[in-house]
Amino acid sequence: MAIELLYFAWVREAIGVAGERVDPPAEVATVADLVDWLAARGGGYATAFADRQRLRAAVDQAFVALDTPIAGAREVAIFPPVTGG
């Protein structure tokens, strides 16, 4: 199940890439599981995903909670909270 990941703002800066294609293991069932799996890579991933309260996500361009399943998702974006201005 390959997924296109997109990273924005300081998440992208911490990881060092704007996006990547990944094929997570079957036990990665939700956005939160995906975040945990990515954080386990260490380095910038661990830094970017250390505090889930500072993260928001979108699956296939729809804003979702971190407990949202990712089965069948083509794209997951991870970013900090969006503020108006």
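This note goes through a predicted model of a protein, point by point, from its overall build to single residues.

1. Overall build. The protein has 3 helices and 5 strands, and when they are read from the N terminus on, these elements follow the order β-α-β-α-α-β-β-β. The radius of gyration is 12 Å, close to the 12 Å that the globule rule gives for 85 residues, so the protein is as compact as a globular protein of that length. Along the principal axes, the C-alpha atoms fill a box of roughly 35 × 30 × 20 Å.

2. Of the 85 residues, 36% count as buried.

3. In soluble globular proteins, nonpolar side chains tend to be buried together. In this model the largest nonpolar core holds 23 residues, and the members that touch the most other members are Tyr7, Phe49, Val76 and Ile78. Two or more residues come from each of β1, α1 (9-15), α2 (31-39), α3, β3 and β5, and the element that gives the most is α2, with 5 residues.

4. When neighbours within four places in sequence are left aside, valine 76 is in contact with Ile3, Glu4, Leu5, Leu6, Leu34, Ala58, Val59 and Ile70. The student may wish to find these residues one by one in the structure above.

5. The search of the whole structure finds 2 aromatic pairs. One of them is formed by tyrosine 7 and phenylalanine 49, whose ring centres lie 6.3 Å from each other with 55° between the planes, which is a tilted arrangement. Because tyrosine 7 lies in strand β1 (residues 3-7) and phenylalanine 49 in the loop between α3 (43-48) and β3 (56-59), the pair ties together parts that are 42 residues apart in sequence. Tyrosine 7 has a relative accessibility of 1% and so counts as buried, and phenylalanine 49, at 4%, counts as buried too.

6. An edge-to-face aromatic pair. Phenylalanine 63 and phenylalanine 79 also form an aromatic pair, here edge-to-face, at 5.7 Å centre to centre and with 75° between the planes. This pair links distant parts of the chain, with phenylalanine 63 in strand β4 (residues 62-64) and phenylalanine 79 in strand β5 (residues 75-79), 16 residues apart.

7. Arginines over tryptophan rings. The charged end of arginine 54 sits over the ring of tryptophan 10, at 4.2 Å from the centre of that ring. Arginine 41, in turn, lies over the face of tryptophan 37, and here the distance from the ring centre is 5.2 Å.

8. Two loop residues. Threonine 68 is found in the loop between β4 and β5, where its side chain reaches the backbone oxygen of alanine 65 at 2.8 Å. Not counting residues up to four places away in sequence, threonine 68 touches Ala29, Thr30 and Val31. Glutamate 27 has its place in the loop between β2 (19-22) and α2, and with a relative accessible area of 60% this glutamate is exposed. The C-alpha atoms of glutamate 27 and leucine 55, which are 28 residues apart along the chain, are separated by 21 Å.

Key
Residues are numbered from 1 along each chain as its sequence is written. This is a predicted model: local features need pLDDT of at least 70, side-chain atom pairs count only at pLDDT 80 or more; totals for chains, interfaces and linings use all residues. Side-chain values use heavy atoms; hydrogens and water are left out. Rings of Phe, Tyr and Trp (its six-membered ring) pair if their centres lie within 6.5 Å; planes under 30 degrees apart count as stacked, over 60 as edge-to-face and the rest as tilted. Helices (H or I, at least four residues) and strands (E, at least two) are DSSP runs, numbered from the N terminus. Buried means under 20% relative accessible area, exposed over 50%, partly exposed in between (1.4 Å probe, protein chains only). A charge sits over a ring if NZ of Lys or CZ of Arg is within 6 Å of the ring centre and within 35 degrees of the ring normal. A nonpolar core is a set of buried Ala, Val, Leu, Ile, Met, Phe, Trp, Tyr and Cys residues joined through side-chain atoms within 4.5 Å. Contact means heavy atoms within 4.5 Å. A polar contact is a pair of N or O atoms within 3.5 Å; within protein, one must be able to donate a hydrogen and the other to accept it, and residues adjacent in sequence count only if both atoms are side-chain atoms. The radius of gyration is taken over C-alpha atoms; the globule rule is 2.2 Å times the number of residues to the power 0.38.
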